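Try each task before you read its solution.

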Amino acid sequence: MTLSYVPDGSPAHRLDPRSKLAVQVGFAAAAYAYTTPRGLAALTVVAVVCLRLAGGGPRSLWAYRFALPFLVAAPVVAGATLGAPWFRVDRAVETSLASYRVLLVFVVAAAYVRSTPVRDSRAAIQRTVPGRAGAFLGVGVALVFRFLPLLRRDLATAREAVAARGGDALPVRDRMRLVAVAGINRAFGRADRLGTALSARCFAWNPTLPPLAFGRVDALALGFGVGLAVVALATVV
Amino acid sequence: MIRASGVTCRYGARAGDRSDGAAGGDAPPDGGSATGIVAVDDVTLSIPDGEFLVVAGPNGSGKTTLVRTFNGLVRPDVGCVSVNGRRVEADLVAARAAVGMVFQDPRDQLVSATVGGDVAFGPENLGLARPEIDRRVREALAAVNMTGREDARIDALSGGERERVAIAGALAMEPDHLVCDEPFTGLDEPARRSVLDRLRALHRAGTSVVVVTHDLRDVCALADRVVALSDGRVAVDAPPEVAVTRLPALGVRVPDRYRPKP
């Protein structure tokens, strides 16, 4: 399962991307405001519902597996001390909650990515943020989503190529160096070719954007996103 | 019509820059120095509307570099290229809309996650109205036998389908000329047939087609003319039945019946 749009007819697919962005922003704000187990439990329900509404499931989170070791290791590192008592549970618990919060944000992000074509995201950003800043952000988002899966595939290919010639017997450090060097080389080559392709296809900063339109259901989603943001702000003020 | 007059392209001194695959991004920024490797050397060529031209030659002969000057992806150090009577550099967008290009590896060219999104990419960049974009996408997909596949994911397509989407992406710009760089590389026989059928149909419909290849077997029967490059220079410019007798010596594969007896 890749980190990309999946055509589907789910309720989330029918929403305007701007509504979905509002839900994402509101959710992230709430997740950072309510870090208690109870708050995170409630947000877990919200995150799972968001993912289900986008037609996703646990497999949709597979693309985030590379972040999981860091999220798991963070509480251990946070709890460890250099002297007695060697491990502080309170710090580990606090960091665990923070890690879990990040995981929840990933779940909602996965729902967004799964249900929103990249060009619609670009359109949403360019319509929300006016001027050159919006165009720059929109193009940035479009290129990241286009480029990231290719980069991951290049790294996987480099790793397989190393393994195919017995490289998997090398120390981890050497393997990492080989894969990183090959990956970076390919990334630069890929960027060059992508740039050429964009030129050949008359790349424009302000193209005709896909039509976006708010529907009735968008009012619910927008209200929910704004509500989450307001609730999060209430804890700060 | 595409007209190249005395076109010379040089690349930096590194040996690897010469290859067809790498060509395109390393032209000297100062417009060319006397040093560096000559990829295309004083080529003069005209491609009339409606012609099916094959640009042949071995790897590193300058084929890709030459065709990339047709839409300004590579700027000649010497000479000039014009499309429909206008210098390419005078209006790059017009040149790129008039000369559709299909890259050697379609994965380098496909920039969206879905087929429909990718085919619409070019017309959207031209700033066309949405109904016009939708019409072009529909017709381009129909031209490559992919009607109704707008929502298909690019990464789920086979090699042949990707090639056809790349062609559709170029066709959606409604170009006068379609340039396909090694369009059969890595394709199995059914996929080659499918792409070949599409090119034949497009040519019959009046689009001029330029195919870059080092293997003439697939396109010999379709070609009106063959231009073969060797070390960046035009070594052969002749109808296919004449050209095939001279191409094997340049390292270009030709149909078996034309192959010289050992």
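From the N terminus on, chain A runs α-α-α-α-α-α-α-α, with 8 helices and 0 strands. Helices (H or I, at least four residues) and strands (E, at least two) are DSSP runs, numbered from the N terminus.

This is a predicted model, where local features need pLDDT of at least 70, side-chain atom pairs count only at pLDDT 80 or more, and totals for chains, interfaces and linings use all residues. Residues are numbered from 1 along each chain as its sequence is written, while chains are lettered from A and ligands numbered from 1 in the order in which they are written.

**Exercise 1.** Work out how α3(A) and α4(A) are oriented to each other.

*Solution.* Start with the angle: α3 (residues 68–79) and α4 (residues 89–115) of chain A pack at about 160°, their axes 7 Å apart. Axes are lines fitted to C-alpha atoms, for helices over the stretch in contact, and angles run from 0 to 180 degrees between N-to-C directions. Next, apply the cut-off (over 145 degrees counts as roughly antiparallel). The two helices, α3(A) and α4(A), are therefore roughly antiparallel.

**Exercise 2.** Which helix gives the most to the side of chain A that touches chain B?

*Solution.* First, find the contact: 23 residues of chain A meet 29 residues of chain B, counting pairs whose C-beta atoms, placed from the backbone, lie within 7 Å. Then look at α5 (118–128) and α7 (172–200) of chain A, each of which supplies at least two residues of that side. Finally, pick α7(A), which gives the most, with 8 residues.

Notes. Angles under 35 degrees count as roughly parallel, over 145 as roughly antiparallel, 65 to 115 as roughly perpendicular and the rest as oblique. Two residues are in contact if their C-beta atoms, placed from the backbone, lie within 7 Å.
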